[in-house]
Amino acid sequence: MKPLALTTLLLAAGAQAQSAAPAALPDWTGQIIYQVMPDRFSDGDATNNQGVDKTNLRAWHGGDLTGLTSRLNYIQTLGATAVWLTPIYQQKDGLTDGTAGYHGYWPYDFRSVDPHFGTLAQFQGFTQKAHSLNLRVMLDQVINHYGPGAPATREHPGWFHTQQDCDRAMTPAQHDTDCPLSGLPDLNQQVGEVQDLLYGNADFWRQQGVDAFRYDAIKHVDATFLQRLVTRDRAAGTFTLGEYYGADAATIREYQQLGLSSLFDFSLQDAMNRSVMHGAGFGPLRSVLTQNQQVPQPQLIAAFLDNHDLPRFASGTLFEDQGQARTAYALRALMTLPGIPVLYQGIEIAQRGGADPDNRHDMRFEDQWTPAERAVFQTAQDAITVRKASPALSGGTLQLLDVPDSVNSQLLVYTRTAGNQTVLVAWNNQDARRTYSLRSTLAGQPLTGSLFHEPGGQPQNAGMSVSGGYLHLSLPGRTAAVFVLGQ
Ligand SMILES: [Ca+2]
Ligand SMILES: [Ca+2]
(Lines give C-alpha, C1' and ligand atoms only; values in the text may rest on other atoms or scores of the structure.)
(Ligands and ions follow the chains in the order given, each with its own letter.)
Protein backbone atom coordinates (compact mmCIF):
# COMPACT_ATOMS: atom_id res chain seq x y z
CA MET A 1 0.00 0.00 0.00
CA LYS A 2 1.35 3.45 -0.91
CA PRO A 3 -0.57 6.20 0.85
CA LEU A 4 1.63 8.95 -0.59
CA ALA A 5 0.58 8.07 -4.11
CA LEU A 6 -3.02 8.47 -3.02
CA THR A 7 -2.75 12.09 -1.90
CA THR A 8 -4.44 13.46 -4.99
CA LEU A 9 -7.32 11.03 -4.52
CA LEU A 10 -7.76 12.18 -0.95
CA LEU A 11 -7.86 15.81 -2.01
CA ALA A 12 -10.31 15.07 -4.81
CA ALA A 13 -12.61 12.99 -2.64
CA GLY A 14 -12.35 15.49 0.21
CA ALA A 15 -13.29 18.43 -1.98
CA GLN A 16 -16.25 16.53 -3.39
CA ALA A 17 -17.54 15.45 0.00
CA GLN A 18 -17.04 18.91 1.52
CA SER A 19 -19.17 20.62 -1.07
CA ALA A 20 -21.86 17.94 -0.68
CA ALA A 21 -22.19 17.80 3.11
CA PRO A 22 -20.16 20.14 5.30
CA ALA A 23 -20.44 18.46 8.71
CA ALA A 24 -17.82 18.60 11.43
CA LEU A 25 -16.45 15.31 12.73
CA PRO A 26 -17.26 15.25 16.45
CA ASP A 27 -14.23 14.83 18.69
CA TRP A 28 -13.95 11.28 20.06
CA THR A 29 -11.15 12.14 22.50
CA GLY A 30 -12.12 10.83 25.93
CA GLN A 31 -14.71 8.34 24.65
CA ILE A 32 -14.93 4.84 26.15
CA ILE A 33 -16.43 2.20 23.85
CA TYR A 34 -18.31 -0.88 25.03
CA GLN A 35 -18.33 -3.72 22.49
CA VAL A 36 -21.47 -5.82 22.27
CA MET A 37 -22.04 -8.99 20.26
CA PRO A 38 -25.84 -8.69 20.18
CA ASP A 39 -26.61 -12.43 19.86
CA ARG A 40 -24.60 -13.07 23.03
CA PHE A 41 -25.62 -10.04 25.09
CA SER A 42 -29.26 -9.96 26.17
CA ASP A 43 -32.37 -11.80 24.94
CA GLY A 44 -35.31 -9.44 25.29
CA ASP A 45 -37.72 -11.07 22.86
CA ALA A 46 -38.33 -14.83 22.77
CA THR A 47 -40.53 -14.57 19.67
CA ASN A 48 -37.47 -14.14 17.40
CA ASN A 49 -35.56 -17.14 18.77
CA GLN A 50 -35.90 -19.42 15.75
CA GLY A 51 -33.11 -22.01 15.68
CA VAL A 52 -31.71 -20.90 19.04
CA ASP A 53 -29.55 -23.50 20.77
CA LYS A 54 -27.80 -22.18 23.86
CA THR A 55 -25.94 -25.47 24.32
CA ASN A 56 -24.06 -24.81 21.06
CA LEU A 57 -21.58 -21.91 20.94
CA ARG A 58 -21.79 -21.99 17.12
CA ALA A 59 -25.59 -21.54 17.03
CA TRP A 60 -27.84 -18.53 17.59
CA HIS A 61 -28.31 -17.73 21.29
CA GLY A 62 -31.29 -15.37 21.10
CA GLY A 63 -29.79 -12.00 22.05
CA ASP A 64 -31.47 -9.11 20.26
CA LEU A 65 -31.97 -5.36 19.93
CA THR A 66 -34.82 -5.37 22.43
CA GLY A 67 -32.53 -6.94 25.03
CA LEU A 68 -29.64 -4.60 24.21
CA THR A 69 -31.89 -1.53 24.42
CA SER A 70 -33.13 -2.63 27.83
CA ARG A 71 -29.51 -3.01 29.00
CA LEU A 72 -28.27 0.43 27.92
CA ASN A 73 -28.62 1.61 31.50
CA TYR A 74 -26.16 -1.12 32.51
CA ILE A 75 -23.61 0.09 29.94
CA GLN A 76 -24.09 3.65 31.17
CA THR A 77 -23.66 2.55 34.78
CA LEU A 78 -20.32 0.95 33.89
CA GLY A 79 -19.34 4.35 32.51
CA ALA A 80 -18.93 3.71 28.78
CA THR A 81 -19.82 6.57 26.46
CA ALA A 82 -20.33 4.65 23.23
CA VAL A 83 -21.63 1.23 22.18
CA TRP A 84 -20.16 -0.79 19.31
CA LEU A 85 -22.39 -3.52 17.91
CA THR A 86 -20.92 -6.32 15.83
CA PRO A 87 -22.94 -6.60 12.58
CA ILE A 88 -26.72 -6.90 12.66
CA TYR A 89 -27.33 -7.47 8.93
CA GLN A 90 -29.63 -10.13 7.52
CA GLN A 91 -27.50 -13.26 7.65
CA LYS A 92 -27.30 -16.53 5.79
CA ASP A 93 -29.88 -18.98 7.15
CA GLY A 94 -28.90 -22.25 8.79
CA LEU A 95 -25.41 -23.57 9.41
CA THR A 96 -22.27 -23.30 7.30
CA ASP A 97 -19.58 -25.76 8.34
CA GLY A 98 -21.52 -26.17 11.59
CA THR A 99 -21.72 -22.44 12.37
CA ALA A 100 -24.69 -20.06 12.16
CA GLY A 101 -24.50 -16.40 11.15
CA TYR A 102 -25.08 -15.27 14.77
CA HIS A 103 -21.80 -13.27 14.65
CA GLY A 104 -23.11 -11.05 11.83
CA TYR A 105 -20.09 -11.32 9.54
CA TRP A 106 -21.93 -13.30 6.85
CA PRO A 107 -24.18 -10.62 5.35
CA TYR A 108 -26.87 -11.57 2.83
CA ASP A 109 -28.47 -8.12 2.75
CA PHE A 110 -26.53 -5.09 4.00
CA ARG A 111 -29.63 -2.95 4.50
CA SER A 112 -31.91 -5.11 6.56
CA VAL A 113 -31.73 -6.39 10.12
CA ASP A 114 -31.58 -10.12 10.71
CA PRO A 115 -34.90 -11.22 12.25
CA HIS A 116 -33.00 -12.85 15.12
CA PHE A 117 -31.89 -9.35 16.16
CA GLY A 118 -35.28 -7.73 15.48
CA THR A 119 -36.44 -5.08 13.02
CA LEU A 120 -35.09 -1.88 11.54
CA ALA A 121 -37.63 0.01 13.65
CA GLN A 122 -36.18 -1.64 16.75
CA PHE A 123 -32.70 -0.58 15.66
CA GLN A 124 -33.94 3.00 15.30
CA GLY A 125 -35.46 2.71 18.76
CA PHE A 126 -32.13 1.47 20.07
CA THR A 127 -30.16 4.41 18.61
CA GLN A 128 -32.74 6.89 19.96
CA LYS A 129 -32.56 5.40 23.44
CA ALA A 130 -28.76 5.37 23.32
CA HIS A 131 -28.63 9.01 22.27
CA SER A 132 -31.09 9.97 25.00
CA LEU A 133 -28.57 8.48 27.46
CA ASN A 134 -25.69 10.37 25.78
CA LEU A 135 -24.25 7.13 24.42
CA ARG A 136 -22.82 7.21 20.91
CA VAL A 137 -23.53 4.32 18.53
CA MET A 138 -20.85 2.55 16.50
CA LEU A 139 -21.97 -0.08 14.01
CA ASP A 140 -19.79 -2.77 12.49
CA GLN A 141 -19.66 -2.44 8.71
CA VAL A 142 -18.53 -5.29 6.49
CA ILE A 143 -17.02 -3.94 3.25
CA ASN A 144 -14.87 -6.88 2.18
CA HIS A 145 -17.30 -9.70 1.53
CA TYR A 146 -20.78 -11.20 1.50
CA GLY A 147 -21.84 -14.30 3.43
CA PRO A 148 -21.26 -17.76 1.93
CA GLY A 149 -23.54 -18.32 -1.07
CA ALA A 150 -25.23 -14.89 -0.81
CA PRO A 151 -27.81 -14.22 -3.56
CA ALA A 152 -25.61 -11.34 -4.79
CA THR A 153 -23.00 -13.86 -5.94
CA ARG A 154 -25.51 -15.19 -8.50
CA GLU A 155 -27.23 -11.89 -9.30
CA HIS A 156 -24.03 -9.82 -9.69
CA PRO A 157 -21.10 -12.14 -10.43
CA GLY A 158 -19.13 -9.12 -11.72
CA TRP A 159 -19.01 -7.63 -8.22
CA PHE A 160 -16.63 -10.26 -6.92
CA HIS A 161 -12.97 -11.11 -7.23
CA THR A 162 -12.40 -14.31 -9.17
CA GLN A 163 -9.92 -17.08 -8.60
CA GLN A 164 -8.04 -15.60 -11.56
CA ASP A 165 -7.77 -12.23 -9.73
CA CYS A 166 -6.34 -14.03 -6.74
CA ASP A 167 -3.92 -16.05 -8.86
CA ARG A 168 -2.72 -12.82 -10.50
CA ALA A 169 -1.83 -11.18 -7.17
CA MET A 170 1.84 -10.24 -7.38
CA THR A 171 2.47 -8.83 -3.89
CA PRO A 172 1.38 -9.89 -0.40
CA ALA A 173 -0.77 -6.74 -0.23
CA GLN A 174 -2.55 -7.66 -3.48
CA HIS A 175 -3.02 -11.17 -2.18
CA ASP A 176 -4.61 -9.74 0.98
CA THR A 177 -7.09 -7.64 -0.98
CA ASP A 178 -7.86 -9.81 -4.01
CA CYS A 179 -8.10 -13.31 -2.50
CA PRO A 180 -11.06 -14.53 -0.47
CA LEU A 181 -10.91 -14.15 3.33
CA SER A 182 -11.86 -17.50 4.88
CA GLY A 183 -13.35 -18.54 1.52
CA LEU A 184 -15.98 -15.75 1.60
CA PRO A 185 -17.28 -14.12 -1.63
CA ASP A 186 -14.80 -11.22 -1.98
CA LEU A 187 -16.10 -7.85 -3.20
CA ASN A 188 -14.05 -6.09 -5.88
CA GLN A 189 -14.08 -2.46 -4.72
CA GLN A 190 -12.66 -1.30 -8.05
CA VAL A 191 -16.06 -2.03 -9.64
CA GLY A 192 -18.22 1.11 -9.75
CA GLU A 193 -21.42 -0.68 -8.70
CA VAL A 194 -19.63 -2.14 -5.67
CA GLN A 195 -18.39 1.29 -4.65
CA ASP A 196 -21.94 2.65 -4.96
CA LEU A 197 -23.26 -0.28 -2.93
CA LEU A 198 -20.81 0.34 -0.09
CA TYR A 199 -21.23 4.14 -0.10
CA GLY A 200 -24.98 3.55 -0.05
CA ASN A 201 -24.68 1.12 2.88
CA ALA A 202 -22.80 3.75 4.88
CA ASP A 203 -25.40 6.42 4.06
CA PHE A 204 -28.24 4.03 4.90
CA TRP A 205 -26.94 3.26 8.40
CA ARG A 206 -25.98 6.88 8.99
CA GLN A 207 -29.62 7.74 8.34
CA GLN A 208 -30.62 5.30 11.09
CA GLY A 209 -28.71 7.39 13.62
CA VAL A 210 -25.31 5.66 13.62
CA ASP A 211 -22.47 7.93 14.77
CA ALA A 212 -19.47 5.78 13.87
CA PHE A 213 -18.45 2.78 11.81
CA ARG A 214 -16.13 -0.01 12.81
CA TYR A 215 -14.79 -1.20 9.46
CA ASP A 216 -14.08 -4.91 9.43
CA ALA A 217 -11.01 -6.52 7.84
CA ILE A 218 -9.57 -3.39 6.20
CA LYS A 219 -6.32 -5.24 5.50
CA HIS A 220 -8.33 -7.06 2.83
CA VAL A 221 -9.93 -3.99 1.23
CA ASP A 222 -8.54 -1.92 -1.65
CA ALA A 223 -6.86 1.10 -0.03
CA THR A 224 -7.84 3.56 -2.75
CA PHE A 225 -11.49 2.73 -2.25
CA LEU A 226 -11.16 2.74 1.54
CA GLN A 227 -9.69 6.21 1.41
CA ARG A 228 -12.67 7.51 -0.59
CA LEU A 229 -15.10 5.77 1.73
CA VAL A 230 -13.71 7.17 4.98
CA THR A 231 -13.26 10.62 3.45
CA ARG A 232 -17.01 10.59 2.68
CA ASP A 233 -17.67 9.44 6.25
CA ARG A 234 -15.50 12.14 7.75
CA ALA A 235 -17.29 14.80 5.71
CA ALA A 236 -20.63 13.47 6.98
CA GLY A 237 -19.43 13.62 10.61
CA THR A 238 -18.99 9.86 11.02
CA PHE A 239 -16.03 8.57 13.09
CA THR A 240 -14.28 5.53 11.58
CA LEU A 241 -12.41 2.77 13.40
CA GLY A 242 -10.57 0.22 11.27
CA GLU A 243 -9.86 -3.36 12.17
CA TYR A 244 -6.51 -4.33 10.66
CA TYR A 245 -5.65 -7.59 12.34
CA GLY A 246 -2.22 -7.32 13.98
CA ALA A 247 -1.91 -3.53 13.50
CA ASP A 248 1.01 -1.75 15.16
CA ALA A 249 2.00 1.93 15.31
CA ALA A 250 3.26 1.91 11.71
CA THR A 251 -0.07 0.55 10.46
CA ILE A 252 -2.04 3.01 12.58
CA ARG A 253 0.03 5.90 11.25
CA GLU A 254 -0.48 4.75 7.65
CA TYR A 255 -4.25 4.48 7.98
CA GLN A 256 -4.76 7.67 10.00
CA GLN A 257 -2.86 9.40 7.19
CA LEU A 258 -5.20 7.65 4.76
CA GLY A 259 -8.18 9.23 6.53
CA LEU A 260 -9.41 6.72 9.11
CA SER A 261 -10.05 8.27 12.52
CA SER A 262 -8.66 5.29 14.42
CA LEU A 263 -7.39 1.72 14.32
CA PHE A 264 -7.39 -1.04 16.91
CA ASP A 265 -3.94 -1.32 18.48
CA PHE A 266 -3.08 -5.02 18.39
CA SER A 267 0.52 -4.35 19.46
CA LEU A 268 -0.68 -2.71 22.66
CA GLN A 269 -3.08 -5.60 23.29
CA ASP A 270 -0.22 -8.07 22.91
CA ALA A 271 2.11 -6.06 25.17
CA MET A 272 -0.59 -5.73 27.86
CA ASN A 273 -1.24 -9.45 27.70
CA ARG A 274 2.45 -10.23 28.07
CA SER A 275 3.24 -7.82 30.86
CA VAL A 276 0.08 -7.53 32.93
CA MET A 277 -1.34 -11.02 32.47
CA HIS A 278 1.85 -13.05 32.09
CA GLY A 279 4.21 -10.97 34.20
CA ALA A 280 6.81 -10.43 31.48
CA GLY A 281 8.83 -7.22 31.64
CA PHE A 282 7.53 -3.83 30.53
CA GLY A 283 10.02 -3.59 27.63
CA PRO A 284 7.56 -4.34 24.79
CA LEU A 285 4.94 -2.07 26.36
CA ARG A 286 7.42 0.83 26.65
CA SER A 287 8.29 0.31 23.01
CA VAL A 288 4.62 0.39 21.93
CA LEU A 289 3.88 3.50 24.01
CA THR A 290 6.93 5.27 22.54
CA GLN A 291 6.06 4.37 18.95
CA ASN A 292 2.41 5.33 19.41
CA GLN A 293 3.42 8.91 20.10
CA GLN A 294 4.50 9.11 16.46
CA VAL A 295 1.04 8.50 14.99
CA PRO A 296 -0.96 11.55 13.86
CA GLN A 297 -3.64 11.23 16.57
CA PRO A 298 -2.49 9.02 19.48
CA GLN A 299 -5.47 10.09 21.60
CA LEU A 300 -7.80 8.28 19.16
CA ILE A 301 -5.98 4.90 19.04
CA ALA A 302 -8.41 2.14 20.04
CA ALA A 303 -6.86 0.48 23.12
CA PHE A 304 -8.27 -2.93 24.04
CA LEU A 305 -7.46 -6.04 26.08
CA ASP A 306 -9.45 -8.63 24.17
CA ASN A 307 -12.24 -8.91 21.61
CA HIS A 308 -14.45 -11.49 19.93
CA ASP A 309 -11.56 -12.72 17.75
CA LEU A 310 -9.00 -13.25 20.53
CA PRO A 311 -8.99 -15.49 23.63
CA ARG A 312 -10.45 -13.67 26.63
CA PHE A 313 -7.86 -11.67 28.59
CA ALA A 314 -8.75 -13.40 31.87
CA SER A 315 -7.99 -16.82 30.36
CA GLY A 316 -4.28 -16.04 30.16
CA THR A 317 -4.02 -18.00 33.40
CA LEU A 318 -5.61 -21.29 34.42
CA PHE A 319 -6.55 -19.89 37.82
CA GLU A 320 -9.85 -18.03 37.94
CA ASP A 321 -8.95 -15.81 40.91
CA GLN A 322 -5.65 -14.83 39.31
CA GLY A 323 -7.46 -14.08 36.05
CA GLN A 324 -9.84 -11.79 37.91
CA ALA A 325 -7.08 -9.97 39.80
CA ARG A 326 -4.99 -9.41 36.69
CA THR A 327 -8.00 -8.30 34.65
CA ALA A 328 -8.78 -5.74 37.35
CA TYR A 329 -5.14 -4.59 37.18
CA ALA A 330 -5.29 -4.40 33.38
CA LEU A 331 -8.52 -2.40 33.43
CA ARG A 332 -7.04 0.15 35.80
CA ALA A 333 -3.88 0.31 33.70
CA LEU A 334 -5.84 0.66 30.44
CA MET A 335 -7.74 3.63 31.87
CA THR A 336 -4.46 5.49 32.42
CA LEU A 337 -3.20 5.07 28.83
CA PRO A 338 -3.61 7.33 25.81
CA GLY A 339 -6.30 6.34 23.33
CA ILE A 340 -9.93 5.29 23.36
CA PRO A 341 -10.43 2.25 25.60
CA VAL A 342 -12.63 -0.45 24.05
CA LEU A 343 -14.15 -2.98 26.45
CA TYR A 344 -15.54 -6.23 25.04
CA GLN A 345 -18.69 -7.30 26.89
CA GLY A 346 -17.84 -9.37 29.94
CA ILE A 347 -14.29 -8.12 30.48
CA GLU A 348 -15.67 -5.99 33.30
CA ILE A 349 -16.36 -9.25 35.16
CA ALA A 350 -13.23 -11.03 33.84
CA GLN A 351 -15.28 -13.39 31.70
CA ARG A 352 -13.19 -16.37 30.61
CA GLY A 353 -12.88 -18.21 27.31
CA GLY A 354 -10.38 -19.48 24.77
CA ALA A 355 -10.33 -19.03 21.01
CA ASP A 356 -13.48 -18.51 18.90
CA PRO A 357 -16.21 -19.52 19.74
CA ASP A 358 -15.22 -19.99 23.41
CA ASN A 359 -14.61 -16.21 23.61
CA ARG A 360 -18.31 -15.59 22.83
CA HIS A 361 -20.16 -16.92 25.85
CA ASP A 362 -23.41 -15.24 26.82
CA MET A 363 -23.07 -12.08 28.89
CA ARG A 364 -24.08 -12.48 32.52
CA PHE A 365 -25.54 -9.57 34.50
CA GLU A 366 -25.56 -8.48 38.13
CA ASP A 367 -27.95 -11.10 39.48
CA GLN A 368 -25.68 -13.88 38.16
CA TRP A 369 -22.32 -12.55 39.37
CA THR A 370 -20.11 -14.01 42.06
CA PRO A 371 -18.72 -11.59 44.68
CA ALA A 372 -15.33 -11.77 42.90
CA GLU A 373 -16.91 -10.82 39.58
CA ARG A 374 -18.72 -7.94 41.26
CA ALA A 375 -15.37 -6.73 42.62
CA VAL A 376 -13.84 -6.69 39.11
CA PHE A 377 -16.85 -4.70 37.88
CA GLN A 378 -16.47 -2.18 40.70
CA THR A 379 -12.77 -1.78 39.91
CA ALA A 380 -13.58 -1.20 36.23
CA GLN A 381 -16.35 1.26 37.05
CA ASP A 382 -14.07 3.18 39.41
CA ALA A 383 -11.19 3.31 36.91
CA ILE A 384 -13.55 4.60 34.20
CA THR A 385 -14.89 7.26 36.57
CA VAL A 386 -11.34 8.37 37.39
CA ARG A 387 -10.41 8.55 33.70
CA LYS A 388 -13.49 10.51 32.71
CA ALA A 389 -12.92 13.05 35.50
CA SER A 390 -9.32 13.67 34.43
CA PRO A 391 -8.51 15.66 31.28
CA ALA A 392 -4.91 14.39 31.51
CA LEU A 393 -6.00 10.72 31.51
CA SER A 394 -8.74 11.23 28.91
CA GLY A 395 -6.70 13.02 26.30
CA GLY A 396 -3.34 14.17 27.62
CA THR A 397 0.12 13.66 26.24
CA LEU A 398 2.32 10.92 27.68
CA GLN A 399 5.88 11.11 28.94
CA LEU A 400 7.65 7.96 30.08
CA LEU A 401 9.95 8.45 33.08
CA ASP A 402 13.31 6.72 33.24
CA VAL A 403 13.62 4.02 35.85
CA PRO A 404 16.82 2.12 36.71
CA ASP A 405 17.55 -1.06 34.75
CA SER A 406 17.35 -3.03 37.99
CA VAL A 407 13.61 -2.38 38.27
CA ASN A 408 12.47 -1.38 34.78
CA SER A 409 10.95 -4.76 34.03
CA GLN A 410 8.65 -4.50 37.05
CA LEU A 411 7.98 -0.76 37.32
CA LEU A 412 6.44 1.53 34.72
CA VAL A 413 6.12 5.26 35.48
CA TYR A 414 4.82 8.04 33.29
CA THR A 415 3.07 11.37 33.40
CA ARG A 416 0.03 12.43 31.39
CA THR A 417 -0.59 16.13 30.84
CA ALA A 418 -3.49 18.14 29.44
CA GLY A 419 -3.85 21.87 29.95
CA ASN A 420 -2.79 22.64 33.51
CA GLN A 421 -3.36 19.09 34.81
CA THR A 422 -0.50 16.60 35.13
CA VAL A 423 -0.94 13.16 36.65
CA LEU A 424 1.69 10.60 37.51
CA VAL A 425 0.91 6.96 36.79
CA ALA A 426 2.86 4.00 38.19
CA TRP A 427 2.41 0.27 37.57
CA ASN A 428 3.96 -2.30 39.88
CA ASN A 429 4.32 -5.72 38.25
CA GLN A 430 5.60 -7.44 41.40
CA ASP A 431 3.33 -9.83 43.31
CA ALA A 432 3.90 -8.01 46.59
CA ARG A 433 3.72 -4.38 47.70
CA ARG A 434 6.94 -2.56 46.85
CA THR A 435 8.50 0.77 47.64
CA TYR A 436 10.70 2.37 45.03
CA SER A 437 12.98 5.40 45.33
CA LEU A 438 14.08 6.76 41.99
CA ARG A 439 16.34 9.69 41.12
CA SER A 440 14.01 12.17 39.52
CA THR A 441 13.87 15.69 38.16
CA LEU A 442 10.11 15.67 38.64
CA ALA A 443 9.15 19.12 39.96
CA GLY A 444 5.62 18.48 41.17
CA GLN A 445 4.36 17.23 44.47
CA PRO A 446 1.33 14.98 44.74
CA LEU A 447 -1.88 16.84 45.50
CA THR A 448 -3.72 13.59 46.15
CA GLY A 449 -3.32 9.99 47.11
CA SER A 450 -4.07 7.53 44.34
CA LEU A 451 -7.31 8.46 42.60
CA PHE A 452 -8.40 4.82 42.43
CA HIS A 453 -10.61 3.07 44.97
CA GLU A 454 -10.85 -0.52 46.08
CA PRO A 455 -14.12 -2.38 45.41
CA GLY A 456 -15.43 -1.56 48.90
CA GLY A 457 -14.97 2.16 48.21
CA GLN A 458 -11.89 2.86 50.31
CA PRO A 459 -9.04 4.74 48.59
CA GLN A 460 -6.33 2.60 47.01
CA ASN A 461 -3.49 2.21 49.47
CA ALA A 462 -0.73 3.70 47.34
CA GLY A 463 1.52 6.69 47.91
CA MET A 464 4.06 8.93 46.24
CA SER A 465 6.25 11.83 47.28
CA VAL A 466 9.10 13.85 45.84
CA SER A 467 12.01 14.96 47.99
CA GLY A 468 15.71 15.67 47.63
CA GLY A 469 15.79 14.77 43.95
CA TYR A 470 14.06 11.45 44.51
CA LEU A 471 10.63 10.14 43.62
CA HIS A 472 9.33 7.75 46.27
CA LEU A 473 6.56 5.31 45.41
CA SER A 474 4.71 2.83 47.59
CA LEU A 475 2.60 0.54 45.43
CA PRO A 476 0.44 -2.52 46.11
CA GLY A 477 1.35 -5.69 44.18
CA ARG A 478 0.31 -6.05 40.54
CA THR A 479 -1.69 -2.93 39.98
CA ALA A 480 -1.58 0.62 38.68
CA ALA A 481 -1.99 3.85 40.66
CA VAL A 482 -2.49 7.46 39.60
CA PHE A 483 -1.73 10.71 41.42
CA VAL A 484 -2.47 14.34 40.55
CA LEU A 485 0.66 16.51 40.60
CA GLY A 486 0.86 20.09 41.76
CA GLN A 487 3.79 22.46 41.23
CA1 LIG B 1 -34.44 -13.12 21.13
CA1 LIG C 1 -10.92 -8.39 -0.34
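Mentor: In this model, helices (DSSP runs of H or I, at least four residues) and strands (DSSP runs of E, at least two) are numbered from the N terminus. Arg433, for instance, lies in the loop between β13 (421-428) and β14. The model is a predicted one: local features need pLDDT of at least 70, side-chain atom pairs count only at pLDDT 80 or more, and totals for chains, interfaces and linings use all residues. Residues are numbered from 1 along each chain as its sequence is written, while chains are lettered from A and ligands numbered from 1 in the order in which they are written.

Trainee: Is Arg433 buried, exposed or partly exposed?

Mentor: A residue is buried if 20 or more other C-beta atoms, placed from the backbone, lie within 10 Å of its own, exposed if 12 or fewer, and partly exposed in between. Arg433 has 14 C-beta neighbours inside 10 Å and therefore counts as partly exposed.

Trainee: Which residues is Arg433 in contact with, leaving aside its neighbours within four places in sequence?

Mentor: Contact means that the C-beta atoms of two residues, placed from the backbone, lie within 7 Å. By that rule Arg433 is in contact with Leu475, Pro476 and Gly477, once neighbours within four places in sequence are left aside. Arg433 and Arg478 are 45 residues apart in sequence, and their C-alpha atoms are 8.1 Å apart in space.

Trainee: How many other C-beta atoms lie within 10 Å of Leu393?

Mentor: There are 23 of them, so Leu393 is buried. Leu393 sits in helix α15 (residues 391-395). Not counting residues up to four places away in sequence, Leu393 touches Met335, Thr336, Val386, Arg387, Arg416 and Val423. From Leu393 to Ala443 is 50 residues in sequence and 19 Å in space, C-alpha to C-alpha.

Trainee: How do I read two packed helices, and at what angle do α11 and α12 pack?

Mentor: Two packed helices are described by the angle between their axes and the distance between the axes. The axes are lines fitted to C-alpha atoms, for helices over the stretch in contact, and angles run from 0 to 180 degrees between N-to-C directions. Helix α11 (residues 266-277) packs against helix α12 (residues 283-292) at about 155 degrees, with the axes 8 Å apart. Angles under 35 degrees count as roughly parallel, over 145 as roughly antiparallel, 65 to 115 as roughly perpendicular and the rest as oblique. α11 and α12 are therefore roughly antiparallel to each other. On the α11 side, Ser267, Leu268, Ala271, Met272, Arg274 and Ser275 make the contact, and on the α12 side Pro284, Leu285 and Val288. These residues divide into six nonpolar, two polar and one charged. Here Ala, Val, Leu, Ile, Met, Phe, Trp, Tyr, Cys and Pro count as nonpolar, Asp, Glu, Lys and Arg as charged, and the others, Gly among them, as polar.

Trainee: How far apart are the axes of α11 and α13?

Mentor: They are 10 Å apart, and α11 packs against helix α13 (residues 320-334) at about 130 degrees. That makes α11 oblique to α13. The contact is made by Met272, Val276 and Met277 of α11 with Arg326, Tyr329, Ala330 and Ala333 of α13. The division in this contact is six nonpolar, no polar and one charged.

Trainee: Which sheet has antiparallel pairing?

Mentor: Strands of a sheet pair through backbone hydrogen bonds, either parallel or antiparallel. Two strands pair if DSSP finds at least two bridges between them. The open sheet of three strands, in the order β14-β17-β16, has antiparallel pairing. β14 (434-439) and β16 (463-467) stand at the edges with a single partner strand each, so one side of each is left without a neighbour in the sheet. β16 and strand β17 (residues 470-475) pair over five bridges. In the hairpin of β16 and β17, which has two residues between the strands, Gly468 takes a positive phi near 55 degrees.

Trainee: In what order do the strands of the parallel sheet run?

Mentor: The order is β8-β7-β6-β5-β2-β1-β10-β9, eight strands in an open sheet. β8 (262-263) and β9 (302-304) stand at the edges, each with a single partner strand, so one side of each has no neighbour in the sheet. Strand β6 (residues 212-215) pairs with strand β7 (residues 239-242) in the parallel sense over four bridges. The bridge partner of Ala212 in β7 is Phe239.
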